[in-house]
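Biologist: I'd like to learn how to read helix packing and cores in a model like this one. Can you walk me through it?

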Amino acid sequence: MNFDFSKFYSSPAGGKSPFGICAGLLIILNLFVFLHVAEFDFLSYDDTAYISRNPHIRDGLTADGILWAFSAELIFPSPHVDYWQPLTFVSRMIDIQLFGLDPGLHHLMNLLLHLANSILLMTVLARMTGHLERSFWVAALFAIHPLHVESVAWVTERKDVLFTFFWLLGMEAYRRYTLQGGVGRYLLVLLCLACSLMSKTMAATFPAVLLLLDCWPLQRASLQRQDMPRWIRLFLEKAPLFLLSLGAGLATVRCLSSHVQPYSLWITLGNAALSCVTYLVQTIWPSGLSLHYPHPGPSLPVEEAFAASALLAIVTGWTLWRLREKPFLFVGWAWFLGVLTPVLSINDIAGADRFTYVPLIGLFIMIIWWLGEQLAAQSNRCRMTARFLGFFILAVLSCVSRIQTKHWRNDETLTLHAVQTVPDDWISLHQYGFSLINQGHVREGMACLRKSLDLKPGFGYAHFNMGAGYLKLKQYAEAIHSFEKSLCFNPSFYDAHQNIADASFLMGNTAKAQRHYFAAIQTQPGFPPAYHHLALCLAERGKPAFAEKYFQIARQMCRDNPCQRKKVLDDMEFVHKKGKISPPLNPTSSPTTTIPVPSRTR
């Protein structure tokens, strides 16, 4: 369909354009809810591993960094990335190039992208449908809904706001292609999808959403039986897009296969149905939002799963029944369920707020267009009352979202809120315990870790951080035992090898310390403290020549860390004078004393 957009941008004499007013309102809403993220810290939950402690991006935008971003998890595994998302990491390199590791400015870049997405969504919907006001309400709900706080206030979720930015650009490029055709315009759609997939592979559902848009609002084919050949052509038209999505999806499945908990098909489907209904409820009544929702596993409530499945089937049947009369109902509902599909029932989580960032657009379209149809036949007074009520709802949601955003200020506020919201969640208990240990409340933190291990005995990260707690209490034998347990569940814990080595060194077992320092280096060659402490260990064992070699490597690797470099140089000078050195008084002062559990699956 082709609309005259000039009315959106033109204004009466001396007045302001409707589009400008709507865009201004979106900016105000976004700033009210999210501007205070500029005061927030990096979180230990993924932000450290993927950003502040990621050696591949710490120098900003470099050729080596870009090569790593496009290779990690596609060609070789990396502990600093969960799956292939090169553009997300390139965007982080640009941030570091511009702002260094100032967390507030990294947060503001997330906010800027979210603000751009809000205005883009309104623009694209208005151009596709010819309804600016309805498009504004959809974009406003998208901008300030509490379920979207996680995607904006968590720096790690740059992937959400970035892939959505390219997704919406792809929708606008597709709209132009449907109007004017041409290979160049089609290639632009393909490019936008590629960029979206390289930000987050949840964009794999984009071609299917374009088919929904062909039904409504673009109306490229009717729902009559005689139009079936046209639908086949529209599907074949998108074959390159589907193939691109399939390739990215398969690459992601390969990366995440070792992190997916193998549940039976019935548990998987039941949890998927419960997750969808939970998202529906939280969309209408956004309470009890948390960092993590544990997967019910075999204890899945069967009756609730059947009820949720029945509800989804009823709503699906209703939208199909109204398809010819009100196609936007089916399009919005299919958008919601379809875009959610790649992230339903994965890993050890029942769901996550961040998964709703794009799917909720479909629900908002359903609600706003249905209300718009109902109000179209009402009086002006009734419509004005509805607008007043709509702004009241936006005000309430904005306040709720602003409060929800405050929980993401730092580790302590986030994890405390998570434990209070979901008391029996082993991930939240672990993260809270981790936070307490880092604040010096070691025994209280270890008590939380024990509760986490009671709920999940095979949780390697909790065993690791129990070891870190024992190290702080100078209980070295217990610390080594906990670190060795963590290695049983995750042999790639180079941090565990490092801390076993440090504890063994402190206990005088330099031979064992040397073995584990080498294991840490073999597992993670780019980790400077392993080389530094290995050099100390070799000097203690009477091997100054070998110690000198690893001192030099550590010194070179610490060139951008003046404090760590000074410590290496001081120890080198001492070894040169004495020939050997006593064990470091606090070897675990390296940044790997404790580590958070990564969220892994997105």
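Modeller: Let's begin with handedness: a crossing is left-handed if the near helix is turned anticlockwise from the far one by less than a right angle, and right-handed if clockwise. Helices here are DSSP runs (H or I, at least four residues), numbered from the N terminus. This is a predicted model, where local features need pLDDT of at least 70 and side-chain atom pairs count only at pLDDT 80 or more, while totals for chains, interfaces and linings use all residues. Residues are numbered from 1 along each chain as its sequence is written, and side-chain values use heavy atoms, leaving out hydrogens and water.

Biologist: Which way does α4 pass α5?

Modeller: The crossing is right-handed. As for the angle, axes are lines fitted to C-alpha atoms over the stretch in contact, and angles run from 0 to 180 degrees between N-to-C directions. Helix α4 (residues 63–71) crosses helix α5 (residues 86–99) at roughly 155 degrees, and their axes come within 8 Å. Angles over 145 degrees count as roughly antiparallel, so α4 and α5 are roughly antiparallel to each other.

Biologist: Which residues of α4 and α5 meet?

Modeller: Contact means heavy atoms within 4.5 Å. On the α4 side you'll find G65, I66, W68, A69 and F70, and on the α5 side P86, L87, F89, V90 and M93. By class, that contact has nine nonpolar, one polar and no charged residues. Ala, Val, Leu, Ile, Met, Phe, Trp, Tyr, Cys and Pro count as nonpolar, Asp, Glu, Lys and Arg as charged, and the others, Gly among them, as polar.

Biologist: At what angle do α22 and α23 pack?

Modeller: Helix α22 (residues 460–472) and helix α23 (residues 476–489) pack at about 165 degrees, with axes 7 Å apart. That makes α22 roughly antiparallel to α23, and their crossing is left-handed. This contact has nine nonpolar, five polar and two charged residues.

Biologist: How many residues does the largest nonpolar core have?

Modeller: A nonpolar core is a set of buried Ala, Val, Leu, Ile, Met, Phe, Trp, Tyr and Cys residues joined through side-chain atoms within 4.5 Å, with buried meaning under 20% relative accessible area (1.4 Å probe, protein chains only). The largest has 139 residues, and M122, W167, M171, W335 and W408 have the most contacts inside it. Apart from it lies another core, of 25 residues, including F527 and Y550.

Methods:
Helices (H or I, at least four residues) and strands (E, at least two) are DSSP runs, numbered from the N terminus. Angles under 35 degrees count as roughly parallel, over 145 as roughly antiparallel, 65 to 115 as roughly perpendicular and the rest as oblique. Buried means under 20% relative accessible area, exposed over 50%, partly exposed in between (1.4 Å probe, protein chains only).
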